[in-house]
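Thanks for coming. I will go through one structure today, slowly, and define the terms as they come up.

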Amino acid sequence: RLDARTRRRQRLQAFQAQIRANEIALEGVEQEARVGSRTVLDVLDAEQELLDAKVNLVRAQRDEIVSGFQLAAAMGRLTAQNLKLPVEVYDPTLYYNRTRERWIGTDTGDEEKQAGR
């Protein structure tokens, strides 16, 4: 039995192979249309099949990326620090120490003025 990651990668490879096959098929249909063996509708059908294959590949690539982020989130690694984002990291201990003496709705801001902030 294959794991999910292997199945996703095989799915990507299958879509890439499908695109290559549809590109070859489209080229053949276009050449046949030039000599009169195929209609414009046949060429449009081949183009649509190629487009569908490309859309399927992009969707599969998107699914691969989303699953990676879902795994990172489940492991608790989808944080600003782990992603090295250029933002100020929230420190709950610091916030607690700054606000532990305050009553709800009674903050006048005097504490920060007295501290020279």
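Predicted model: local features only at pLDDT ≥ 70, side-chain atom pairs only at ≥ 80, totals over all residues.

Residues are numbered from 1 along each chain as its sequence is written, and side-chain values use heavy atoms, with hydrogens and water left out.

First, the overall make-up. The chain has four helices and zero strands, and from the N terminus on the order is α-α-α-α. Helices here are DSSP runs of H or I with at least four residues, strands are runs of E with at least two, and both are numbered from the N terminus. The accessible surface of the chain is about 9900 Å², and 53% of that belongs to carbon and sulfur atoms. Those areas come from the Shrake-Rupley method with a 1.4 Å probe, and for residues only the protein chains shown count as cover.

How much of the chain is buried? Of its 117 residues, 13% count as buried. Buried means under 20% relative accessible area, exposed means over 50%, and partly exposed is in between, with a 1.4 Å probe and protein chains only.

A contact means heavy atoms within 4.5 Å. Among contacts in the chain with a separation of 6 or more, 55% are between residues 24 or more positions apart.

Now the helices. The expected span is 1.5 Å times one less than the number of residues. For α2, with 35 residues, the distance from the first C-alpha to the last is 51 Å, close to the 51 Å expected.

Just after α1 comes Gly36, with a positive phi of about 95°. Likewise, α2 is followed by Gly76, whose phi is positive and near 75°.

Which residues of α1 are buried? They are Leu12, Phe15, Ile19, Asn22, Leu26 and Val29, and the buried residues of α1 pack against α2. In α2, the buried residues are Val43, Ala46, Leu50, Ala53, Leu57, Ala60, Glu64 and Ser67, and these pack against α1. If you look at the spacing of the numbers, here is the background: an α-helix has 3.6 residues a turn, so residues three or four places apart point the same way.

Next, the core. A nonpolar core is a set of buried Ala, Val, Leu, Ile, Met, Phe, Trp, Tyr and Cys residues joined through side-chain atoms within 4.5 Å. The largest one has 11 residues: Leu12, Phe15, Ile19, Leu26, Val29, Val43, Ala46, Leu50, Ala53, Leu57 and Ala60. The elements that give two or more residues to this core are α1 (4–34) and α2. The largest share, six residues, comes from α2.

Some single residues. Glu64 sits in helix α2, residues 40–74. Is Glu64 buried or exposed? Glu64 is buried, at 18% relative accessible area. Its side chain makes a polar contact of 3.1 Å with the side chain of Arg8. A polar contact is a pair of N or O atoms within 3.5 Å; within protein, one must be able to donate a hydrogen and the other to accept it, and residues adjacent in sequence count only if both atoms are side-chain atoms. Not counting residues up to four places away in sequence, Glu64 touches Arg8 and Arg9.

Also in α2 is Arg62, which is partly exposed at 49%. The side chains of Arg62 and Asp63 are joined by a polar contact of 3.0 Å.

Lys84 lies in the loop between α2 and α3 (92–99). Its phi is near 55°, a positive value in a residue other than glycine, and Lys84 is exposed, at 72%.

Last, the rings. The structure holds one aromatic pair. Tyr90 and Tyr95 form this pair, 6.3 Å centre to centre with 45° between the planes. Why is the pair called tilted? Rings of Phe, Tyr and Trp (its six-membered ring) pair if their centres lie within 6.5 Å, and planes under 30 degrees apart count as stacked, over 60 as edge-to-face and the rest as tilted, so 45° falls in the tilted class. Tyr90 is exposed at 59%, and Tyr95 is partly exposed at 49%.
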